[in-house]
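Student: I would like to work through this model with you. Can we take it in short questions?

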Amino acid sequence: MIDVLAVERSMKTCTVCGKEKPASDYRLHSDKKTVMRYCNDCHLAKRRAQHAAKREERNAQFRARYAANANGVKDKMAAARKAKYAKQGRAALIAWAAANPEKAAEAQRKKMKRGRERLSDYYVRRLLCHPERSAVRKVPTVLIECKRLQLMIERECREKR
Amino acid sequence: MKNAEELRDELAQTFAQLKAGAIKPSEAAELANLAGKMISSAKVQVEYFALRKESPRIKFLEMAE
């Protein structure tokens with residue numbers, strides 16, 4: 001026989017939706033003893049509404065935090081790479097490139113792309129005297145600067161035309 | 001333009017003028033083309049001495065180095 005009184009005692013009316021529901025449909029407070037005044041469905045609906053209302057604000061916070069730390073992470077990684085290079089030397093780098101030719105080629109492509117965009121010393125030196133096709137090991141700095149300026153003028157002309 | 005330093009200064013000036021719109025792009029392109037020829041000839045000289053394993057003073061680059 002069902003204990004009607006016990007069931008009635010365990011039933012609770014939600015203060016939000018006004019429906020009568022068993023106590024198991026209610027969440028406990030953080031003290032893990034007392035039951036909340038509103039049912040689980042209403043609780044979830046409330047949380048969803050709060051989440052939706054603060055979505056943009058929270059995303060902006062996350063974006064700002066990422067932007068503030070992005071360079072920090074990049075600097076940290078660059079410092080780690082530098083330390084590794086100082087410790088292991090160029091031989092380790094060459095060995096890695098030999099072991100991972102595809103990754104090395106991809107890294108080289110990226111480096112050249114960056115260099116082309118920024119007209120870096122590395123890129124301009126390679127244009128002047130490619131290490132695989134030239135015997136020159138040390139290109140005069142002034143020649144690199146002249147070549148860079150020439151390329152800058154050519155690019156500017158191309159843009160203006 | 002007697003040496004690479006003067007060429008560099010001239011190129012920098014041309015670039016600034018081009019940015020400011022003081023000279024036409026065609027004029028700047030001509031100068032850049034000429035500069036390219038001068039740079040190439042200097043490069044050939046540098047390559048030649050590197051192949052001969054010599055390191056004489058190159059007059060065009062002398063002032064800069």
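What follows is a set of questions and answers on this predicted model.

Student: In what order do the elements of chain B run from the N terminus on?
Tutor: The secondary structure of chain B comes to three helices and zero strands. Of its 65 residues, 22% count as buried. From the N terminus on, the elements run α-α-α.

Student: Which helix gives the most to the side of chain B that touches chain A?
Tutor: The contact takes 26 residues from chain B and 20 residues from chain A. On the chain B side, α1 (4-20) and α2 (25-51) each supply at least two residues. With 13 residues, the helix that gives the most is α2(B).

Student: How many residues of the side of chain B that touches chain A are nonpolar?
Tutor: Chain B brings 26 residues to the contact with chain A. Two of them are polar and six are charged. The nonpolar ones number 18.

Student: Are α6(A) and α2(B) roughly parallel or antiparallel to each other?
Tutor: Helix α6 of chain A covers residues 141-160. Its axis and that of α2(B) come within 9 Å and cross at roughly 155 degrees. Angles over 145 degrees count as roughly antiparallel. The two helices are therefore roughly antiparallel.

Student: Is the crossing of α6(A) and α2(B) left-handed or right-handed?
Tutor: Their axes cross at roughly 155 degrees. As α6(A) passes α2(B), the crossing is left-handed.

Student: How many residues of the contact of α6(A) with α2(B) are nonpolar?
Tutor: On the α6(A) side, the contact includes L143(A), C146(A), I153(A) and C157(A). On the α2(B) side, it includes A28(B), A32(B), A35(B), I39(B) and A42(B). Two residues of the contact are polar and four are charged. The nonpolar count is eleven.

Student: How do α1(B) and α2(B) lie to each other, parallel or antiparallel?
Tutor: These helices pack at an angle of about 160 degrees, with their axes 11 Å apart. α1(B) passes α2(B) in a left-handed crossing. The pair is therefore roughly antiparallel.

Student: How many charged residues does the contact of α1(B) with α2(B) have?
Tutor: From α1(B) come A4(B), L7(B), L11(B), T14(B) and L18(B). From α2(B) come P25(B), A28(B), L31(B), A35(B), M38(B) and A42(B). By class, ten are nonpolar and one is polar.

Student: Is L11(B) buried or exposed?
Tutor: L11(B) lies in helix α1 of chain B. It has 24 other C-beta atoms within 10 Å. A residue with 20 or more counts as buried. L11(B) is therefore buried.

Student: Which residues is L11(B) in contact with, leaving aside its neighbours within four places in sequence?
Tutor: L11(B) and L31(B) are 20 residues apart in sequence and 8.0 Å apart in space, C-alpha to C-alpha. Leaving aside neighbours within four places, the contacts of L11(B) are C146(A), L149(A), Q150(A), I153(A) and A35(B).

Student: Are α5(A) and α6(A) roughly parallel or perpendicular to each other?
Tutor: D121(A), V124(A), R125(A), L127(A) and L128(A) in α5(A) meet L143(A), I144(A), K147(A) and R148(A) in α6(A). The contact has five nonpolar, no polar and four charged residues. The helices pack at an angle of about 95 degrees, with their axes 9 Å apart. They are therefore roughly perpendicular.

Student: Which residue stands opposite L28(A) in β4(A)?
Tutor: Strand β3 (residues 26-28) and strand β4 (residues 35-39) of chain A run antiparallel and are joined by two bridges. Their hairpin has six residues between the strands, and K32(A) takes a positive phi near 65 degrees there. Opposite L28(A) stands V35(A).

Student: Is L119(A) buried or partly exposed?
Tutor: L119(A) sits in the loop between α4 (101-118) and α5 (121-128) of chain A. Its phi is positive, near 50 degrees. It has 17 C-beta neighbours inside 10 Å. L119(A) therefore counts as partly exposed.

Student: And K53(B), buried or exposed?
Tutor: K53(B) is found in the loop between α2 and α3 (59-62) of chain B. Its phi is positive too, near 55 degrees. With 7 other C-beta atoms within 10 Å, K53(B) is exposed.

Methods
Residues are numbered from 1 along each chain as its sequence is written. Chains are lettered from A and ligands numbered from 1 in the order in which they are written. This is a predicted model: local features need pLDDT of at least 70, side-chain atom pairs count only at pLDDT 80 or more; totals for chains, interfaces and linings use all residues. Helices (H or I, at least four residues) and strands (E, at least two) are DSSP runs, numbered from the N terminus. A residue is buried if 20 or more other C-beta atoms lie within 10 Å of its own, exposed if 12 or fewer, and partly exposed in between; C-beta atoms are placed from the backbone. Two strands pair if DSSP finds at least two bridges between them. Two residues are in contact if their C-beta atoms, placed from the backbone, lie within 7 Å. Ala, Val, Leu, Ile, Met, Phe, Trp, Tyr, Cys and Pro count as nonpolar, Asp, Glu, Lys and Arg as charged, and the others, Gly among them, as polar. Axes are lines fitted to C-alpha atoms, for helices over the stretch in contact, and angles run from 0 to 180 degrees between N-to-C directions. Angles under 35 degrees count as roughly parallel, over 145 as roughly antiparallel, 65 to 115 as roughly perpendicular and the rest as oblique. A crossing is left-handed if the near helix is turned anticlockwise from the far one by less than a right angle, and right-handed if clockwise.
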